[in-house]
Amino acid sequence: MSSLLRLATAGSVDDGKSTLVGRLLYDTKSVLADQLDAVTRASVDKGLSTPDLSLLVDGLRSEREQGITIDVAYRYFATPRRSFVLADTPGHVQYTRNTVTGASTAQLAVLLVDARKGVIEQTRRHAAVLALLGVPHLVLAVNKIDLVDYDEATFAVIAEEFAEHAASLGYERGSVLAVPVSALEGDNVAEKSDKTPWYSGPTLLEHLETVPVAPDPHDSAFRFPVQYVIRPRTADHPDYRGYAGQIAAGTVRPGDEIVVLPQGLRSRVEGIDTADGPLSEAGAGTSVTLLLTDDLDISRGDLIAAADRQPTVTDEITATLCWLSAKALKPGARVLVKHGTRTVQALVGELHARFDEQTLSSVDDPATLELNDIGRVTLRLAEEIGVDDYGVSPRTGAFLVIDPKDGDTLAAGLVGERFA
């Protein structure tokens, strides 16, 4: 079992997400004494008799005063069984783009609903985004179960409705768990609640500790975006030429045959250097400097890949875009595409379809993509790049669309057709 779990939280406004995250931090003893003292004092000032655990999370003054969360915040906590990196995303509809950011690397997502409201429009939208991003595990936290008197029937209706929606998005029943919780009271968060004797499943924390998470498969094709070319030209290293970066997928060993894309140059790996010394093997997520047997013209933005399992080299990609900007996307727009360490100019071609996350259907040939829309688009690039289908290799199947005028991020892109 992996010792690290990356998870994201998502939910609508006032579902109690900040309180739930605060409860997890509190119950796992991940809160410093002075932090808890500050929260206790602030809670007393608000006239509360118990600490408002949401204040452990809503760090910005504006968030505290409005009682909302407006940005993605990363929290770190641990138990004896596993360490966690939690991306806490906002609930407002206009901040759905932040959910894309927070969930982009998540292995599991906790989706909150208010037990009094059940599955609502924003719940379906978040679930669709999580499915498109390929988040493998979902937890539906039916929060505020205390406000419906811990009613089993209410929970069962919500759990079944969400399970059907998740199944229509491609999730198998075993990858979706519904848990009745009260973040305020602590029911079924870290400890089993005697107020829900009808619930036989794990607590939220127990599930987070034990859910199986597959590491990057060793048989994934090797991918290495070059970040920097190291040429010391010193007396000790007059001819040293290394290519520094982080391995995006797969593994590499000295002797492996590689290809440099988009040029198509071939060579073999001579050595793998790190700050701590040479390695005999390196895998995904490891930052290394590769040494090759041949002196090749390689620069930042090039992709070093396994020679026998190459990505597609193309100057035209059809991709699913999660549109993150208030500026509408129209055919003919000039944009920048940032893929790995390479940024190229691009022209927006056809808008093939827009996905309706409520009805799980698509609208063909939309005139534009608006904020929070998800659509299938063709982009024509000024230069060739090496890409994989997102479903095969997320790190080299994802890219950003950037406004060339001001550098703002316009969209997150996923290579391939993620919906019909």
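**View 1. The largest cavity has a volume of about 90 Å³.** Welcome to this predicted model, in which local features need pLDDT of at least 70 and side-chain atom pairs count only at pLDDT 80 or more, while totals for chains, interfaces and linings use all residues. Residues are numbered from 1 along each chain as its sequence is written, and side-chain values use heavy atoms, with hydrogens and water left out. A cavity here is a set of points, on a 1 Å grid over the protein atoms alone, where a 1.4 Å probe fits but cannot get out. Grid points are joined across faces, edges and corners, and the volume is the space filled by probe spheres set on the points. The count comes to two cavities of 30 Å³ or more.

**View 2. Here is the lining of the largest cavity, made up of 13 residues.** Lining residues have an atom within 4 Å of a point. Nearest the centre of the largest cavity lie Gly 301, Asp 302, Leu 303, His 339 and Gly 386. The lining has five nonpolar, six polar and two charged residues; Ala, Val, Leu, Ile, Met, Phe, Trp, Tyr, Cys and Pro count as nonpolar, Asp, Glu, Lys and Arg as charged, and the others, Gly among them, as polar. Because domain 2 (223-306) and domain 3 (312-415) both give residues to the lining, the largest cavity lies between them. The domain bounds come from an automatic or database domain assignment.

**View 3. Seven strands form an open sheet with antiparallel pairing.** Follow the order β7-β15-β11-β12-β14-β9-β8. At the edges stand β7 (223-225) and β8 (228-230), each with a single partner strand, so one side of each has no neighbour in the sheet. Strands are DSSP runs (E, at least two residues), and helices are runs of H or I with at least four, numbered from the N terminus. Two strands pair if DSSP finds at least two bridges between them. Between the antiparallel strands β11 (residues 257-261) and β12 (residues 265-273) there are four bridges. Look for Glu 257, which stands opposite Arg 268 in β12.

**View 4. Helix α1 (residues 17-27) is mostly covered.** Nine of its 11 residues are buried, meaning under 20% relative accessible area, with exposed over 50% and partly exposed in between (1.4 Å probe, protein chains only). Among the buried residues are Lys 17, Arg 23 and Leu 25. Just after α1, Lys 29 takes a positive phi of about 55°.

**View 5. Lys 405 sits in the loop between β21 (398-402) and β22 (409-415).** Lys 405 is exposed, with a relative accessible area of 79%. Lys 405 and Arg 334 are 71 residues apart in sequence and 9.8 Å apart in space, C-alpha to C-alpha.

Notes:
1 Å grid on protein atoms, 1.4 Å probe; cavity = no way out; pocket = protein on both sides within 12 Å on 5 of 7 lines; lining within 4 Å.
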